[in-house]
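Subject: Structure handover

Hello,

Please find the structure below, followed by notes on what was found in it.

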Amino acid sequence: MASPARIVDLLLVLPLVASLGGCTDPASEGDGGSGDGNLPPPMEDADPLVVPTDSSELLEWLVAEPYLEWPSESEIHASAGPHFGNVRTWLHPDLVASLDAGNEQHPAGVAAIKELYGDGDSRGGWAVEVKLADDSAGGDNWYWYELFDGSTFADGNGVAICTSCHMSGMDYVRTPFPLQ
């Protein structure tokens, strides 16, 4: 049986999954064995180190929660940026190594996942950044995604609202480091 947090996550993302064409007609195709009605089954064997940059695949990956294996902030806290109130961030292990080394540029494939909680302690979405190439190209080689309460606020490479804020970070990473 799905945990209460997973059920809430699935209910929050249902409108987005439907808009992306990811839902099936239960009368014609069933629920794909997921037991979650119209939602596709969770991503099987999601690789925790490879973050998808296609929004529908990323959403399935986020709901599967493989990033929970990554180093993270110790608790939910108020966001220092425009990320809907309370947040908690996980950093890809290679990003942690790059930040530890003080690198000016992080390697391709690193990512940060920020869970968004609004004014409470129930997750309402995610903000994600994934580096696509070793050269950041002014933020254009970062994929940005943000979903909160079923609404998508960012989904693409070099999203201006994301890069304009994150450009003040170490190679577009603004999470305080070392993690607290």
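**Aromatic pairs**

The structure holds six aromatic pairs. One of them joins F84 and F148: the ring centres are 4.4 Å apart and the planes lie at 10 degrees, so this pair is stacked. F84 belongs to the loop between β1 and β2 and F148 to strand β5, so the pair ties together parts that are 64 residues apart in sequence. F148 has a relative accessibility of 12% and, because the cut-off for buried is under 20%, F148 counts as buried. F84, with a relative accessible area of 28%, is partly exposed.

Another pair is formed by W142 and W144; with centres 6.0 Å apart and planes at 35 degrees, this pair is tilted. Both W142 and W144 are buried. There is also an aromatic cluster, made up of W61, Y67, W70 and W90.

**Confidence**

Please keep in mind that this is a predicted model. The mean pLDDT of the protein chain is 82, and 77% of its residues reach 70 or more. Where pLDDT is low, the predicted coordinates should not be read in detail.

**Nonpolar cores**

Which residues have the most contacts inside the largest nonpolar core? They are W61, L62, I113, W126 and V128, in a core of 18 residues. The elements that give two or more residues to this core are α3 (55-64), β3 (111-118), β4 (125-131) and β5. α3 supplies the largest share, five residues. Within α3, the buried residues include S55, L58, L59, W61, L62 and V63.

L62 shows how these parts meet: leaving aside residues up to four places away in sequence, L62 touches Y67, I113, W126, V128 and Y145. Apart from this core lies another, of 13 residues, among them A112, W142, V159 and C162.

**The β5-β6 hairpin**

Strand β5 (residues 142-148) and strand β6 (residues 151-157) run antiparallel and are joined by six bridges. Together β5 and β6 form a hairpin with two residues between them. D149, in the turn, has a positive phi of about 50 degrees.

**Backbone points to check**

- F84 is not a glycine, yet its phi is positive, about 60 degrees. The loop that holds F84 runs between β1 (77-78) and β2 (86-91).
- A137 is not a glycine either, and has a positive phi of about 50 degrees. A137 is located in the loop between β4 and β5, and at 35% relative accessibility A137 counts as partly exposed.
- E65 follows α3 and has a positive phi, near 65 degrees.
- The peptide bond from F177 to P178 is cis, with omega near 5 degrees. P178 sits in the segment after α5 (160-166).

Regards

How values were computed. Residues numbered from 1 in each chain as written. Predicted model: local features only at pLDDT ≥ 70, side-chain atom pairs only at ≥ 80, totals over all residues. Heavy atoms only, no water. pLDDT = per-residue confidence, 0-100. Pairing = 2+ DSSP bridges. Helix = DSSP H or I, 4+ residues; strand = E, 2+ residues; numbered from the N terminus. Core = buried A, V, L, I, M, F, W, Y, C linked by side-chain atoms within 4.5 Å. Buried < 20%, exposed > 50% of the residue type's maximum accessible area, 1.4 Å probe, protein only. Contact = heavy atoms within 4.5 Å. Phe/Tyr/Trp six-rings, centres within 6.5 Å; stacked < 30°, edge-to-face > 60°.
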